Amino acid sequence: MTCAIDVSHVFFSYDDFRMEDVSLQLHIGEQKVLVGLNGSGKTTLFKLILGLLEPTSGSIHVFEREVTHENLWEIRQDIGFLFQNPNDQLFAPTVWEDVSFGPRNLGLSKSEIDERVRWALEIVDMIGYEERPVNQLSHGQAKRIALAGIIAMRPSILILDEPFTGFDFKMVSNMIEIINKMRQDGVTILYTTHNRFFIENWSDSVAVIENGRIVYDGSTKEAMDQKIVKDNIGDWSGLKHLIRSFNEGIR
Ligand SMILES: Nc1ncnc2c1ncn2[C@@H]1O[C@H](COP(=O)(O)OP(=O)(O)O)[C@@H](O)[C@H]1O
Ligand SMILES: [Mg+2]
């Protein structure tokens, strides 16, 4: 079966962080959640897949094309990457310029560009914001504009780094609706979250990363019973006990 993403025995290191023998496969149309504590290497792995960082050994393929300097342009057409912080992603002066940046680089005609930008802004419910400076957007608006820029490129793969952080319920529902539409079209999705609800209900499979190593990878149904998965998601209901004992102490 053709893989959308195939990470094979990848090693990488920063000064005091090592990623060791990481392998991870996503088949076409799969939605996988990558679970791991802060600092476990999730964003680093995403950057390796995008070719923003280079493995010291091992290989990464996207639709059977190796992630190398020569292939970067094509690979970045395939992948839409939503950064954890939209401010790291938006760089053009206005919303229109930002969302149209990708399509303009594809060499499309002016009317095609306009049509794609409009379509993407409509999906994220941001029509009317075209001339707004990007630095005047709220966090939620900025994230939606970042997503519009990705949608406008019609990617086959979405990589979403904590897509729901800082969102209210309505925004989360909008976002899920948008992404589910892309899933229906066969888009492959790799994302991270710390929220058990999404892990359990919004993924086909779960991979766990601990200190730069993949320590579990399996179907969501099986994953939810595994101790290693539970340990990495954490027991949020256990916080109740902590809070109660604090409250009792000050009473
Ligand atoms: N540019 C960098 N230079 C050096 N160390 C980094 C850099 N980026 C991240 N790190 C370190 O690498 C580890 C993994 O970071 P990251 O991949 O961002 O984790 P996560 O996304 O899972 O929270 C952390 O210890 C972090 O401090
Ligand atoms: Mg991260």
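Reply: In this predicted model, helix α1 lies across strands β3, β6, β7, β8 and β9, and the helix runs at about 150° to β7, which covers residues 157-161. The strands named here belong to an open sheet of six strands, whose order is β6-β7-β8-β3-β9-β10 and whose pairing is mixed. At the edges of this sheet stand β6 (79-82) and β10, each with a single partner strand, so that one side of each is left without a neighbour in the sheet.

Strand β9 (residues 205-210) and strand β10 (residues 213-219), by contrast, pair in the antiparallel sense over six bridges, with A207 opposite D217 in β10. Two residues lie between the strands in the hairpin of β9 and β10, where N211 takes a positive phi near 45°. As a general point, the strands of a sheet pair through backbone hydrogen bonds, either parallel or antiparallel.

There is also an open sheet of four strands, with antiparallel pairing and the order β2-β1-β4-β5. Its edge strands are β2 (17-27) and β5 (65-66), each of which pairs on one side only. Inside this sheet, strand β1 (residues 3-14) and strand β4 (residues 57-62) run antiparallel and are joined by five bridges, and the bridge partner of V7 in β4 is I60. Helix α1 packs on this sheet too, touching β1, β2 and β4, and the direction of the helix makes about 115° with that of β1.

The residues around ligand 1 are Y14, D15, F17, G36, N38, G39, S40, G41, K42, T43 and T44. Sorted by class, this shell has two nonpolar, seven polar and two charged residues.

We can now turn to helices that pack against one another. Two packed helices are described by the angle between their axes and the distance between the axes. The axes of helix α3 (residues 95-105) and helix α5 (residues 139-151) come within 7 Å and cross at roughly 30°, and α3 and α5 are therefore roughly parallel to each other. The crossing in which α3 passes α5 is right-handed. In this contact V95, D98, V99, F101 and G102 of α3 meet I145, A148 and G149 of α5, which by class makes five nonpolar, two polar and one charged residues.

Helix α3 also packs with helix α4 (residues 110-123), at an angle of about 125° and with their axes 9 Å apart, and these two helices are therefore oblique to each other. Here, too, α3 passes its partner α4 in a right-handed crossing. The contact is made by W96, V99, S100, P103 and R104 of α3 together with I113, R116, V117, A120 and L121 of α4; by class, it has seven nonpolar, one polar and two charged residues.

Note on methods:
Residues numbered from 1 in each chain as written. Chains lettered and ligands numbered in written order. Predicted model: local features only at pLDDT ≥ 70, side-chain atom pairs only at ≥ 80, totals over all residues. Axes fitted to C-alpha atoms, helices over the stretch in contact; angles between N-to-C directions. Parallel < 35°, antiparallel > 145°, perpendicular 65-115°, else oblique. Left-handed = near helix turned anticlockwise from the far one by under 90°. Contact = placed C-beta atoms within 7 Å. Nonpolar A, V, L, I, M, F, W, Y, C, P; charged D, E, K, R; others polar. Near = placed C-beta within 6 Å. Pairing = 2+ DSSP bridges.
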